[in-house]
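Thanks for making time this morning.

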Amino acid sequence: MGDLPSHASVVVIGGGVMGCSTLYHLAKNGVSDAVLLERNKLTSGTTWHSAAQVRALRSTKNLTDLVRYSISLYSQLEAETGQQVGWINKGSLSIATTADRLTHIGRQEALAALFGVQTEAISAGEAKERWPLMNAQDVVGAVWSPDDGRVSPSDLCSALVQGARSHGARVFEDSPVTGIRTRDSRVIAVETTTGEIRCDAVAICAGLWSRQAAGMAGVQAPVWPCEHFYLLTKPIEGVLGNLPTLSDHDSHLYIRDDSGGLLVGCFEPMGKPIDPERLGDNFAFQLLPEDWDHFEPMMLNALHRLPALESAQVKMLLNGPESFTPDGAFLLGETAETRGVFLGCGMNSVGIATGGGAGMALAHCIQYGRAPADLHEADPKRFAGCFNSVEALTARAPEVLGKHYEVSYPGRNWLSARNLRRTPLHDRWVAANAHFTQVFGWERPVYFGKEREPSLTFGKPDWFENVRREARQAHERAAIFDQSTFGKIEVEGPDAEIFLNRVCSNDMARAPGRAIYTTMLNERGGIEGDLTSQRITHEHYRLNVGSGAIRRDLAWLRNHLDSERVRFRDSTQEFAILGLMGPEANAIAEKVGAPELNELRYFHAGEAEIAGAHIRAVRLSYVGEPGWEITCRAKHAARIYDALHAEGARPAGAYAQTSMRVEKRFLAYGHDIDTDISPIEAGIEFSIGWDTDFIGREALVKQRDVGCLNRIVSLLFEESSANPLGNEIVRLDGEIAGKTTSAAFGHRLGRPVALAHLFNAGARAKGALMNIDIGGVNWSAKMVEDAAYDPTGSRMRRGLS
């Protein structure tokens, strides 16, 4: 092992699968002086006891590609390193015992075709043939995935480390990190019990200890462990050789063979959190106590599915800690707080499956400043600071474990760690019987007039009539949308215009009192963020960004500040924003004593008073109805709302807003646009100021010159009974042409409507009739190049989410 080096380009903290994979890819890509520090021995935390399933299909193509990369890597590592990894490719079988589960796995099968993953829908009888020990009497269908498999986790890490060492990387076991030194918000060194290593970057891959390690660098890493159980039996008659992994998610179970017996694991409906501090510094290759009382309901489910268990001899009930994040997706990328500190942790029980690809992606982030493809759902900056508290994590992590195998119904909500952040109008919304969802910690109303907790379904939702009333209110009279959760960034200083013209794609040299929609691009022309800017004075802009984008966008701005004299400030909680929208908005403005608002043109801002409070209003809309976004001090929001309500405006929630923005082809970040798509490809070329020299301009010029086409179109369904949700396959003449990105029932149109990315240029024929695969059922929809609903023929605003 030798002495610690005085300097390393990258220090990887943690010797589990994520740390070993990250080190391997760094070294293989030329970072030959990379170092890995492990507090105890390699794999001694969580990796060693992983059930090590590798299932390719994930919720997005890019996440799926990470697992497909893992499968490719694991299958060839032995040839490269000489170390066996125990790769067993026997496929996986997902069964359904309810109609909704069948719809759920049917949607997954459709996605698999889109992502290039081989799957096949099979009958209960065919499933029984592949798993003869299974009781299939209540099985209504299944999906077979032949490319899935499993691996030996400890052998895998040994192979990765051998590969890393062959390229010059070094590994130091029994080397706990005691500190991470920073200067001017940038990492400079890692301190250990045996010395210090100066470095340019740190990758925190410390598993369930990642939160503590990140705290040493002043960084938030909302990761918390829960107890995770699986049963191991002695050999059972009928278990011959290797079997496919059996997923019985209705029973919360996964099952596979193990040394002639069975391994039966579970993600029970509510897990058991455990404080890492309780485990102590010497917790390595250890397990937690068996808890048969907790496991008993799962055991009963297992006995139903596998009658052979009744006479099986138990080897042990394994209980080991695994780490979870507040939303069930892992953390991968650079942190908002400290440059050069990267997170690769919180794997939510998919560490082995994702580790090969995720380690590759993290190494790519460290070397090139970006992931190889858009991974916004794994960005560490997606969480508000309130989620890093012990209280929030211990409440949420058990629910995340429990939702691991839940049916992904539309409208599914988190029940724990709620009311962390409330908008200034929260009490008004409670009084109006709002149903809330959580966005970046905020309680956001999604519809009003709730009479009971909604029943979740893939069909017509319980809130359909509520949303219809709210959309009609905005369309026929006037509605109030609470947009206070939008992130707000004050950009001030004598060089504010110069700076923003460099980092924003649109021309920001507008006079005070003007508003503008713009994007922020990477060098490849991909959209890193989108926002609406108001120029308040010559040296002061206010940027409204997406609710969950504030930390990401602030970091992007700070990281691209050069020598300009500019200051940034997060003012999100200082202000409320009320969207007053609808044909009666003008009359209401007159009645509340703000007639000057009616003089404003689109994308112009003005000041006024409502109910004795100062407001700043911008004439624009995210729903395609006339109105303003009214910004006021948070403390004045209630009395301004009361004044508008008294004159006939009524509240409308996020579901109505989504319905209306999809009708109007207003795009949402993370759904319709991300870092893999440019403004030209998204059909929002109006957000480009070609005369300015902005980041990404060169890439856009090349796209423009070769005739790049808009990839996003509207789809208007032929039948009103369709229930598109987004992420569905779009076919033309039987061939895959693209996928839906956002979808809703269009209440102004009286039919469902969706936005879609079309990959096939030939599919863009005006009025082409497409087939949309919704849970295995094909529905017809007509392609519309622009907005499905646009009586004015104008684009008032692209908007935020």
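**Aromatic contacts**

Let me begin with Phe499, which counts as buried because its relative accessibility is 0%, where buried means under 20% relative accessible area, exposed over 50% and partly exposed in between, with a 1.4 Å probe and protein chains only. Please keep in mind that this is a predicted model, in which local features need pLDDT of at least 70 and side-chain atom pairs count only at pLDDT 80 or more, while totals for chains, interfaces and linings use all residues. Residues are numbered from 1 along each chain as its sequence is written, and side-chain values use heavy atoms, with hydrogens and water left out.

Rings of Phe, Tyr and Trp (its six-membered ring) pair if their centres lie within 6.5 Å, and planes under 30 degrees apart count as stacked, over 60 as edge-to-face and the rest as tilted. By this rule the count comes to 15 aromatic pairs. One of them is the edge-to-face pair of Trp429 and Phe448, with 5.2 Å centre to centre and 65° between the planes. Both Trp429 and Phe448 are buried.

Phe499 and Phe568 form a tilted pair, at 5.5 Å centre to centre and 55° between the planes. Phe568 is buried as well, with a relative accessible area of 16%. Elsewhere, Tyr254, Phe267 and Tyr405 form one aromatic cluster.

Finally, the charges: one sits over a ring if NZ of Lys or CZ of Arg is within 6 Å of the ring centre and within 35 degrees of the ring normal. Arg542 lies over the face of Phe575, at 4.2 Å from the ring centre, and Arg704 lies over the face of Trp690, at 4.2 Å from the ring centre.
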